[in-house]
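This report describes a pair of protein chains and how they meet. Look at the sequence and the model before reading on.

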There are 2 protein chains.
Amino acid sequence: MTLTLEQNPADVAALATPFLKSLVSIIRATDSYGTWDKKSDASLLAEFIVTKEQRKLIPIIADPDPDIVGRVEQFYAAVGLGFEAETGLMASPMLKLTHEGFGRLLMTTGRLVLLSKTLRDIHRFGFESLSALADAGGKAISDAAAVAATYPEVARA
Amino acid sequence: MTLTLEQNPADVAALATPFLKSLVSIIRATDSYGTWDKKSDASLLAEFIVTKEQRKLIPIIADPDPDIVGRVEQFYAAVGLGFEAETGLMASPMLKLTHEGFGRLLMTTGRLVLLSKTLRDIHRFGFESLSALADAGGKAISDAAAVAATYPEVARA
């Protein structure tokens with residue numbers, strides 16, 4: 001028997017992390033008419049979960065689905081919010097994706113580059129589980145916060 | 001009588017600036033079959049020149065022409081090259097434009113943000129004259145170099 005997202009204890013714990021709470025609030029912010037009011041947080045995050053088996057089945061040809069691009073944007077917006085909560089500094093992500101599913105992400109604050117990543121296989125963007133998603137977001141936030149702590153004057157420039 | 005681009009002494013001087021030389025080399029690099037070999041530098045740069053009168057006539061509705069987006073990319077690629085020639089540091093521009101012709105440019109090196117600009121009215125991207133184009137590029141390069149000189153360790157981080 002496979003546990004559903006909400007039944008797995010690691011996933012239940014992940015839902016309580018500040019990162020997933022931010023991500024859920026960003027998703028709910030797009031729900032102008034309250035149609036998702038009765039949806040659980042886990043079900044709103046379900047599309048971020050792509051298991052290894054599912055990943056293999058996703059073709060990486062043709063333009064990445066706008067919904068996937070939207071999820072990448074939401075993920076980094078939540079990283080930016082988490083960074084702001086931790087440091088008090090506003091971070092702005094800038095994402096540029098090609099039609100082939102490659103791309104680049106820059107997150108900056110002041111004159112400082114907090115994150116600079118090359119993105120690949122955007123078509124398959126997703127995480128093994130809610131806890132893997134929460135870990136990835138949490139790690140990006142702490143990486144960014146560490147850079148800001150190393151160069152505090154540049155982060156405020 | 002209106003002078004053509006090549007006859008105006010200020011424009012002739014502008015063509016000799018390192019910035020316009022870089023820009024021309026970037027444009028010529030896209031000419032795989034040598035069809036522009038006999039075109040003068042000034043005529044290759046002619047599309048960067050948009051006078052005040054012409055500007056007023058360009059509508060800012062609909063998606064910006066891909067050729068214009070290409071010219072904005074070429075302009076900042078040349079700024080990056082000029083910055084590299086001056087400082088020895090590689091700078092990478094990242095440009096993101098919306099369909100409405102607004103956008104954002106970030107140019108970074110190492111962990112340092114060299115340029116961060118909000119772009120508007122991309123539909124009308126252009127300069128009054130070759131010398132105005134050379135001045136704008138030269139200014140962007142010296143602004144970026146000044147930032148790198150202020151935070152040398154971050155530029156190399």
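## The interface

Between them, chain A and chain B bury about 1,700 Å², and 59% of this area is on carbon and sulfur atoms. Buried area is the accessible area, found with a 1.4 Å probe, that two parts lose on being put together, summed over both. Of the area that chain A buries against chain B, 39% is supplied by A:M94, A:K96 and A:R111, more than by any other three residues. The contact (heavy atoms within 4.5 Å) takes 20 residues from chain A and 20 residues from chain B.

This is a predicted model, in which local features need pLDDT of at least 70 and side-chain atom pairs count only at pLDDT 80 or more, while totals for chains, interfaces and linings use all residues. Residues are numbered from 1 along each chain as its sequence is written, chains are lettered from A and ligands numbered from 1 in the order in which they are written, and side-chain values use heavy atoms, with hydrogens and water left out.

## Pairs across the interface

There are 2 salt bridges between chain A and chain B. A salt bridge is a side-chain nitrogen of Lys or Arg within 4 Å of a carboxyl oxygen of Asp or Glu. A:E73 forms a salt bridge with B:K96, with the closest N and O atoms 3.4 Å apart.

Which elements of chain A each supply at least two residues of the side that touches chain B? They are β1 (92–97), β2 (103–109), β3 (112–119) and α7 (152–155). Helices (H or I, at least four residues) and strands (E, at least two) are DSSP runs, numbered from the N terminus. The largest share of this side, 5 residues, comes from β1(A). The residues of the side of chain A that touches chain B divide into 12 nonpolar, 3 polar and 5 charged. Here Ala, Val, Leu, Ile, Met, Phe, Trp, Tyr, Cys and Pro count as nonpolar, Asp, Glu, Lys and Arg as charged, and the others, Gly among them, as polar.

## Symmetry

Chain A is superposed on chain B by a rotation of 179° with 0.0 Å of shift along its axis (RMSD 0.0 Å). The two copies are thus related as by a two-fold rotation axis. The superposition is by least squares on the C-alpha atoms of residues with pLDDT of at least 70 in both copies. In chain A, the C-alpha of A:L112 is the nearest to the axis, 2.6 Å from it.

Of the interface residues of chain A, 100% are also interface residues in chain B, so the copies meet through the same surface.

## Chain A

Chain A has 7 helices and 3 strands, in the order α-α-α-α-α-β-β-β-α-α along the sequence. The C-alpha atoms of chain A fill a box of roughly 50 × 35 × 30 Å, taken along the principal axes.
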